[in-house]
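Dear colleague,

Please find the structure below, followed by an account of what was found in it. I would be grateful if you could read the two side by side.

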Amino acid sequence: MEGAVDQYAVVGHPVAHSLSPFIHSLFARQTGQSMRYHLMDVAPEELARRVEGFFAEGGRGLNITLPHKARAMQLANELTDRARQAGAVNTLASRIDGSVLGDNTDGAGLVQDLTQNLTWPVESRRILLLGAGGAARGVLAPLLALRPEIIVIANRTAERAEALASAFSALGNIRGAGFGQIGRGAFDLVINATSASLTGELPEVPQTIFGPDTLCYDMAYGKGDTAFVRWVRGLDCAHAVPGWGMLVEQAAESFRLWRGVRPLTAPVLQALTGHMASPQS
Ligand code: ATR
């Protein structure tokens with residue numbers, strides 16, 4: 001592929017509604033990078049063959065999304081520490097020697113959105129993380145690195161929360177619980193990392209976890225507000241946001257890994273929210 005435009009793609013199943021091509025084409029235009037970014041719908045049983053084929057043909061980088069993030073770890077020759085801690089990769093990058101590096105930019109994307117876009121300091125704050133699946137695991141190490149007072153992981157299935165908390169206990173003050181054992185008092189930050197939003201459901205958590213100053217962050221996003229964001233706004237939580245910022249920031253971090261330049265995210269986040277609000281999108 002000498003002389004050809006550098007090729008990138010997002011691999012998922014289904015993937016047709018992914019916003020990554022939109023985001024990365026804006027990054028490429030903004031930074032003057034010559035590259036092409038497309039969609040690859042790949043069934044789980046085809047993953048290894050298609051990813052290996054993509055790199056064998058000279059492809060430069062992939063984003064990996066649901067349901068492949070954990071399995072794709074095995075397709076990298078080397079993993080970054082944050083990918084190993086997350087137990088998943090969302091970014092693969094070809095290197096000069098032909099090997100493939102696996103990284104995970106999701107946690108960095110969340111932290112960047114919280115601390116830079118929302119100017120919300122994590123240090124010494126009390127954080128409640130709802131959910132104990134792959135999405136929750138992926139953000140734990142980057143959040144703990146910012147030294148919150150505590151992270152409570154609460155999950156519908158308490159044992160999964162407890163197991164996840166003990167896996168990360170060396171990195172900071174962390175505890176796992178079922179929804180009924182969260183404890184009293186409002187948290188400074190409540191992050192919804194359950195997949196409930198994807199089906200319009202709500203995690204059945206006590207309303208006492210929310211106070212007027214609680215920042216409620218839904219890692220999910222969609223057209224308009226998610227069910228979780230609508231629900232907590234109705235409980236008088238003034239600060240409730242869906243995960244658009246995290247989506248754009250994790251993409252910017254992947255772009256930086258691939259191209260060596262970090263694009264400005266504010267104009268892209270603005271374009272994305274405008275794009276999603278338009279009737280044709
Ligand atoms: P992901 O990779 O998106 O995290 P996952 O590993 O399947 O997906 O985990 C989904 C998470 O959402 C789990 O924490 C799950 O809770 P359980 O472990 O009890 O299954 C949580 N979840 C999904 N639907 C939910 C709902 N309706 N209410 C509360 N939690 C829900």
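Tyr 37 and Trp 258 are both buried, where buried means under 20% relative accessible area, exposed over 50% and partly exposed in between (1.4 Å probe, protein chains only). This is a predicted model, in which local features need pLDDT of at least 70 and side-chain atom pairs count only at pLDDT 80 or more, while totals for chains, interfaces and linings use all residues. Residues are numbered from 1 along each chain as its sequence is written, and side-chain values use heavy atoms, with hydrogens and water left out.

Rings of Phe, Tyr and Trp (its six-membered ring) are taken to pair if their centres lie within 6.5 Å; planes under 30 degrees apart count as stacked, over 60 as edge-to-face and the rest as tilted. By this rule there are eight aromatic pairs. The ring centres of Tyr 37 and Trp 258 are 6.3 Å apart and the planes stand at 45°, so this pair is tilted. It links distant parts of the chain, 221 residues apart: Tyr 37 belongs to strand 2 (residues 35–41) and Trp 258 to helix 8 (residues 244–259). Helices (H or I, at least four residues) and strands (E, at least two) are DSSP runs, numbered from the N terminus. Ring pairs join Tyr 8, Tyr 37 and Trp 258 into a cluster.

Strand 5 (residues 91–94) and strand 6 (residues 100–103) run antiparallel and are joined by four bridges, with Asp 103 in strand 6 as the bridge partner of Thr 91.

Five bridges connect strand 7 and strand 8, which run parallel, and Leu 128 stands opposite Val 152 in strand 8. Six of the six residues of strand 8 are buried, so this strand is largely enclosed by the rest of the structure. Ile 150, Val 152 and Ala 154 point one way from strand 8, and Ile 151, Ile 153 and Asn 155 the other way.

Finally, the largest nonpolar core has 28 residues, of which Leu 129, Ile 151, Ile 153 and Ile 191 touch the most other members. Such a core is a set of buried Ala, Val, Leu, Ile, Met, Phe, Trp, Tyr and Cys residues joined through side-chain atoms within 4.5 Å. Among the elements that each supply at least two residues of this core are helix 4 (106–117), helix 5 (134–144) and strand 8 (150–155). Helix 5 gives the largest share, six residues. Another core, of 21 residues, lies apart from it and includes Ala 93, Val 248, Ala 251 and Phe 255.

With kind regards

Methods. Two strands pair if DSSP finds at least two bridges between them.
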